[in-house]
Number of protein chains: 2
Amino acid sequence: MPVDIATRVWNHKWRIDPIVRSLIDNDFYKLLMCQSVFHNKPDTQVTFSLINRTKSIRLADLIDEGELREQLDHIRSLSLARGESTFLRGNTFYGKRQMFTSDFMQWFENFRLPDYHLEKRDGQYELTFEGKWHEVMLWEIPALAVLMELRGRAVLNDMRKFELQVLYARAMTKLWEKIERLRPLEGLRLADFGTRRRHSYLWQDWCVQAMIEGLDRAFIGTSNCHIAMKRDIEAIGTNAHELPMVYSALAQSDEELAQAPYQVLADWHKEHEGNLRIILPDTYGTVGFLERAPDWLAGWTGIRIDSGDPATGAETAINWWKSRGEDPREKLVIFSDGLDVDKIIELYAQFLGRVKVSFGWGTLLTNDFRGLTEGDALAPFSLVCKAVSANGSPTVKLSDNPKKAMGPADEIARYKRVFGVGKQTVMEVVV
Amino acid sequence: MPVDIATRVWNHKWRIDPIVRSLIDNDFYKLLMCQSVFHNKPDTQVTFSLINRTKSIRLADLIDEGELREQLDHIRSLSLARGESTFLRGNTFYGKRQMFTSDFMQWFENFRLPDYHLEKRDGQYELTFEGKWHEVMLWEIPALAVLMELRGRAVLNDMRKFELQVLYARAMTKLWEKIERLRPLEGLRLADFGTRRRHSYLWQDWCVQAMIEGLDRAFIGTSNCHIAMKRDIEAIGTNAHELPMVYSALAQSDEELAQAPYQVLADWHKEHEGNLRIILPDTYGTVGFLERAPDWLAGWTGIRIDSGDPATGAETAINWWKSRGEDPREKLVIFSDGLDVDKIIELYAQFLGRVKVSFGWGTLLTNDFRGLTEGDALAPFSLVCKAVSANGSPTVKLSDNPKKAMGPADEIARYKRVFGVGKQTVMEVVV
């Protein structure tokens, strides 16, 4: 058959191969939180900053600064496409129509991502975003995805044609073997949470399609809004640490600080119901958070366990629900921290029938290239992009794992005191 | 990008998806032998017949007769394309220009494959080709390839999209792992001999390309004439058992029979030199064949070991060369029977430096789908297509492995007596 000359010429016209091609190639919960912030904290100035927790990977040596700038500049050129707007306005999310309000959509339709600040230091990139919270927060996911994919491209660049094909053949086989192990688990509910540290956009899209075919109804959807639209599946997600972190940084006193994480959920409560009412309790220690929680929070649908030992976290939640007179079997526990198939199977078996369980499978779904290249040059690593300050005050995260803690030392001490966090168990952060 | 509408419409126009699309999608040695027969035995009537040695695979239950007829009829519609003729006339084969003579090429350019006879019996297909030897002999390879691929298609037909993609991902990974194991073997020389029992044309073409990239100069070429042309690599092959089998069937006395295998090589000697002078000694027992061989045969370039224990066969050849005053280090041993990577590595190590070694890697190169589907439904099996009679007399093959023997019992007994074949070691035939 003849070459499609027009396609070939069209492909030549691209100056770069863009990594992020849509403003909604972003996690769904970012949009939910964005709307919440847009309504509740529209004037807050926040700084997001890239943090590479895996110092051994010297990103600034691997990734060309010019290429990085081109990708980031390309993202700044994106605006909401008509079809994307139609999807957000017309789709049913979590059983609800018009999830996104008219005023928010009107703002979003005219939105472009604000500028970034990029510098090299000690073999790493310092990449920060400063501005209104609801504007800069939308940088987190695309910034991470760009860094991850550019690092991958730097490695792939040295590989030959069949070597590349076999690399992807191996990655496909690896994922499919995981799917085959998950298939027998009756009643499993699992979503893709792997946008931020995916190997690439195309690979995430492949993973999602493989899960649709391989897991059928056990695969409940993806956190990636664009892929959810493209593949006609559910967009999944609720809220993240940045809400209590920023609310807490804005607190004017220890008393306000102690209440801040609950204020976040009070604001959320007004806006959402059902499966969107998911508690993320670990920002300043799960145990204390639940102990001091108001009763109305026990009525929420579930809890997301995102740090610490997941089984311990789930047991803590079960005991808490019982202590508040709730039936744990009616409650949803979402595991989302560093999951891979062994851990999923283990947690599934441990909590089957005791609570409703769901899994948000991230990096080791969409970027498990471990062991597939020499020197493991494509193995995922721990890259995050976090709100580090709000209206000039530093943010703090304690987490249930001190390895995931962040913030200035004196502020961490203060938060530990205010939230009554004692000794914590250290766990290695893989991804 | 837009769909290439013309491509799509063009694809719709095909009534079938043809398995064999070229008259030279055939093994190169078939063309060499065809020319030899065309010159030396142009009037011999021969019958070729399909034989499925793996009775447990009931081909007539798996493969629709209509589809089989369509594929065979399509092959009968093929004639030599202008570019193919140019390639055969203009290319250098084994360092020689004009390998194919003008009179042969003129005949071949006007050639179409003769009719076939197809019947179902006991869950198997009886497929025979009767006619002039040099005409029906060209059916062997395409007939086998069609049966193998239709059986594969019958299995693949029930698979879903990603399941299929992962199947091929696994097959690619499997081959690549073999290539990675072969890569360190310095001075390795290896050719693709896998046309007849390939998984499919496209898959064989993929395997060849992967070997080109992965093994570089250790991969010396392919037996497939069409793929050799398409990928611009060497076409590999010399001669096969059908020559001594038919010559022997034509013998009028035991004396003539005893001489027939040497007459084959005398005819070959006149036509070819260098690497094309390869002895295939096992048709009626290697040991006796070499003992009684005329001295001029010891001057030939090498020997192909195609049955029995390959190391024993090679040691026999080495001792024979020594006994005839030849230096084995100047001689070529080609292993071509049921090879896989373990055996290749073992034989390479055993004969390195003692003789020149080369490998003709067949079915387990181009059809190693073992272990990749449920019930191993795509595992290769032992299908052959052989000359079973010549001018009305049955053909006989003894081989160095009685499991590969064929012919009527009384004729086998006579041949054993004439060729002095005693007790033989039975070896399982895998493929």
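Student: What makes the meeting of the side chains of E180(A) and R170(B) a salt bridge?

Tutor: You need a side-chain nitrogen of Lys or Arg within 4 Å of a carboxyl oxygen of Asp or Glu. R170(B) and E180(A) come to 3.0 Å, N to O, so the pair passes that cut-off. Just keep in mind that this is a predicted model, where local features need pLDDT of at least 70, side-chain atom pairs count only at pLDDT 80 or more, and totals for chains, interfaces and linings use all residues. Side-chain values use heavy atoms, with hydrogens and water left out, residues are numbered from 1 along each chain as its sequence is written, and chains are lettered from A and ligands numbered from 1 in the order in which they are written.

Student: How many salt bridges does the rule find across the interface of chain A and chain B?

Tutor: Four. Over all chains, the count comes to 74. The A–B interface also has twelve residue pairs in polar contact, both residues at pLDDT 80 or more. That term means a pair of N or O atoms within 3.5 Å; within protein, one must be able to donate a hydrogen and the other to accept it, and residues adjacent in sequence count only if both atoms are side-chain atoms.

Student: Which elements give two or more residues to the side of chain A that touches chain B?

Tutor: Helix 1 (5-13), helix 9 (161-182) and helix 10 (201-215) of chain A. Helix 9 of chain A brings the largest share, twelve residues. We call these pieces helices when DSSP gives a run of H or I of at least four residues, while a strand is an E run of at least two, and both are numbered from the N terminus. The residues on this side of chain A split into eleven nonpolar, four polar and eight charged.

Student: How do you know how many residues the contact takes from chain A and chain B?

Tutor: A contact means heavy atoms within 4.5 Å. By that rule 23 residues from chain A and 23 residues from chain B take part. The buried area, which is the accessible area (1.4 Å probe) that two parts lose on being put together, summed over both, is about 2200 Å² here, with carbon and sulfur atoms giving 61%.

Student: What domains is chain A divided into?

Tutor: Domain 1 (15-157 + 380-390) and domain 2 (161-366), with bounds from an automatic or database domain assignment. Their centres, taken over C-alpha atoms, are 20 Å apart. In contact are 46 residues of domain 1 of chain A and 41 residues of domain 2 of chain A. The two domains bury about 3700 Å² between them, 62% of it on carbon and sulfur atoms. On the domain 1 side, Y29(A), Y94(A) and L156(A) lose the most area to domain 2 of chain A, together 18% of what that side buries.

Student: What makes D368(A) and K174(A) a pair that links distant parts of the chain?

Tutor: Their side chains meet in a salt bridge at 3.0 Å, N to O. Yet D368(A) is in the loop between helix 18 (363-366) and strand 12 of chain A, K174(A) is in helix 9 of chain A, and the two are 194 residues apart.

Student: How do you know that strand 1 of chain A and strand 5 (residues 124-132) of chain A pair?

Tutor: Two strands pair if DSSP finds at least two bridges between them. Five bridges join these two, which run antiparallel, so they qualify. For example, T47(A) has E130(A) as its bridge partner. They belong to an open, antiparallel sheet of five strands in the order 4-5-1-12-13 (chain A).

Student: Why are strand 4 and strand 13 (393-394) of chain A called the edge strands?

Tutor: Each pairs on one side only.

Note on methods:
Ala, Val, Leu, Ile, Met, Phe, Trp, Tyr, Cys and Pro count as nonpolar, Asp, Glu, Lys and Arg as charged, and the others, Gly among them, as polar.
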